[in-house]
Amino acid sequence: MARRTLIAGNWKMNGLIADGIALARDVAAGAAAAGKAELLLCPPVTLVSSVAAALKGSGVAVGGQDCHAKANGAHTGDISAEMLADAGAQYVIVGHSERRTDHGETDGVVRAKTEAAWRAGLSAIVCIGETLAQREAGRTLPLLEAQLRGSIPAGATATKLVVAYEPVWAIGTGKTPTVAEVADAHRHIRAVLGGLTTGADAVRLLYGGSMKPANAPELLAIADVDGGLIGGASLKAGDFLAIAAASTTN
Ligand code: PGA
């Protein structure tokens with residue numbers, strides 16, 4: 001099953017308007033030379049529409065970092081999936097571990113947000129991953145399975161769903177799991193997805209957590225790794241494009 005590599009930048013809470021537009025322009029300018037991977041930038045919500053404008057015609061997609069489950073209403077400070085789509089987004093990240101930790105998001109909440117993304121016509125990038133304590137207790141694979149079962153609604157397809165495996169202890173720490181550990185996790189995620197949707201073979205599975213130009217080639221070469229969700233390294237166009245160029249398979 002051919003799955004087009006997806007290299008997604010998660011800018012997190014970084015970027016004022018001028019810097020964000022400059023970064024998006026630099027990514028757009030280098031996208032064609034960076035290979036065949038699909039590129040996606042997920043800026044803070046204040047920048048979604050201006051980044052979308054800066055990327056117009058480049059083939060680089062735009063996404064949000066979170067959405068509310070409802071389409072509108074009395075939810076001060078929240079943003080709906082429909083609003084993201086209206087601002088030019090095609091994707092939205094849901095259930096990032098920083099949201100799960102900072103905002104107490106449960107699998108049930110993540111599932112409702114995934115449904116909201118689909119309702120608005122967005123692809124949802126659903127994040128899962130274990131803490132260091134869970135890994136050391138040997139609970140990684142069952143935990144990933146429980147998160148998938150709890151977070152993915154029925155009816156997932158490869159156009160509507162991307163899954164990002166992000167070990168919490170690898171995010172922003174410079175530490176990464178071994179190639180064998182990532183391969184095990186992704187094989188397991190693919191198998192669990194097989195029980196949840198008929199199209200599991202086509203769903204893209206991203207690895208995230210301290211991915212950089214130096215480690216991208218070995219991580220992206222793993223059979224069930226179909227791309228990356230990049231935090232820190234996505235804030236430098238050169239690093240982000242170098243990661244994209246490291247995906248040689250498709
Ligand atoms: P990092 O973040 O690349 O800075 O580790 C990845 C993420 O949180 O998506």
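First, a term: I call a pair of N or O atoms within 3.5 Å a polar contact; within protein, one must be able to donate a hydrogen and the other to accept it, and residues adjacent in sequence count only if both atoms are side-chain atoms. With that in hand, I found an oxygen atom of the ligand 2.8 Å from a polar backbone atom of glycine 231. Taken alone the ligand exposes 280 Å², and the protein buries 95% of that (Shrake-Rupley method, 1.4 Å probe).

Before going on, I note that this is a predicted model, where local features need pLDDT of at least 70 and side-chain atom pairs count only at pLDDT 80 or more, while totals for chains, interfaces and linings use all residues. Residues are numbered from 1 along each chain as its sequence is written, and side-chain values use heavy atoms, with hydrogens and water left out.

**Ligand shell**

I looked up two side chains here. An N or O atom in the side chain of lysine 12 is 2.7 Å from a ligand oxygen. For the side chain of glutamate 166, I also read 2.7 Å from an N or O atom to an oxygen of the ligand.

**Two loop residues**

Lysine 12 sits in the loop between β1 (6-10) and α1 (17-31), and its phi is near 55 degrees, positive although it is not a glycine. Serine 210, in the loop between β7 (204-208) and α9 (216-220), has a positive phi of about 55 degrees and is not a glycine either. Helices (H or I, at least four residues) and strands (E, at least two) are DSSP runs, numbered from the N terminus.

**Whole chain**

I count 10 helices and 8 strands in the chain. The radius of gyration (over C-alpha atoms) is 17 Å, close to the 18 Å that the globule rule (2.2 Å times the number of residues to the power 0.38) gives for 250 residues, so the chain is as compact as a globular protein of that length. Along its principal axes the C-alpha trace spans about 45 × 45 × 35 Å.
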